[in-house]
Amino acid sequence: MSKVHVFDHPLIQHKLSFIRDKRTGSKDFRQLTNEVGSLMAYEITRDLPLEEVEVETPIQVTTCKRLSGKKIVFVPILRAGLGMVDGLMNLIPSARVGHVGLYRDPETLQPHEYFVKIPSRPEERLFIVVDPMLATGGSAIAAINSLKQRGVSNIKFMCLIAAPEGVEALRLAHPDVDIFIAGLDEKLNDHGYIVPGLGDAGDRIFGTK
Ligand code: PRP
Ligand code: URA
């Protein structure tokens, strides 16, 4: 079964409190979302494999460690996932970016896919799927299904806020995918919104409404 990591780091919790606040406007919301993305990426990449390399300093030759193994691909689920990508790329500028476009039907809450583009040789890479919200889990499950159909096998999922219902559904559908969450909330309301949550992430990032 997948592992679920809920971040209790004070900086993440501090920034999340401003992200949740309805008085926070789009500009600050975007900045904070990216900052939390960077802090989370730091932890998510903790187990990346290293290899020894020889480096010549101005003083002498020494042995250092560099990342080895699978190259990282961030995959934001459009639209709202885009709000975390800059923060992630600040930390890992050499990462590639794939995209999965999905929207959730407001009546049925079912995800509808409209766009997918990922780098070549997906089997050689670690994919980190990014979305601020894990509500029913439908969008994350569909995005990961789509990646797996294209040959992706090594996947992690990260979000700002999750509902327990979404975490459960995602773990059942994809037990091989570890989940990283900044805030685990109480429940979903009748409209499929996370309670207390932060409202509609896409609207708050892009100023639509
Ligand atoms: C939001 C959010 C997730 C999805 C979560 O996207 O960014 O992708 O809802 O809900 P779920 O877990 O119940 O599927 P939305 O469909 O509103 O699209 P948007 O990002 O384009 O606004
Ligand atoms: N999508 C959002 O943007 N917010 C929620 O609370 C649930 C789904």
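Which residue lies over the face of Y193? In this predicted model, R104 does, at 5.6 Å from the ring centre. A charge counts as sitting over a ring if NZ of Lys or CZ of Arg is within 6 Å of the ring centre and within 35 degrees of the ring normal.

Local features need pLDDT of at least 70 and side-chain atom pairs pLDDT 80 or more, whereas totals for chains, interfaces and linings use all residues. Residues are numbered from 1 along each chain as written, chains are lettered from A and ligands numbered from 1 in the order written, and side-chain values use heavy atoms, without hydrogens and water.

Strand β10 spans residues 155–162. Helices (H or I, at least four residues) and strands (E, at least two) are DSSP runs numbered from the N terminus. Eight of the eight residues of β10 are buried, so the strand is largely enclosed by the rest of the structure. Buried means under 20% relative accessible area, exposed over 50%, and partly exposed in between (1.4 Å probe, protein chains only).

Strands pair if DSSP finds at least two bridges between them. Strand β8 (residues 125–130) pairs with β10 in the parallel sense over four bridges. V129 has F157 of β10 as its bridge partner. Strand β9 (residues 133–134) also pairs parallel with β10, over two bridges. Here M133 is bridged to I161. Strand β11 (residues 178–184) runs parallel to β10 and is joined to it by six bridges. The partner of C159 in β11 is I181.

From β10 the chain crosses through helix α5 (residues 164–173) to β11, a right-handed β-α-β crossover. Right-handed means that, with the strands pointing away from the viewer, the path from the first strand over the helix to the second runs clockwise. β9, helix α4 (residues 138–149) and β10 likewise make a right-handed β-α-β unit.
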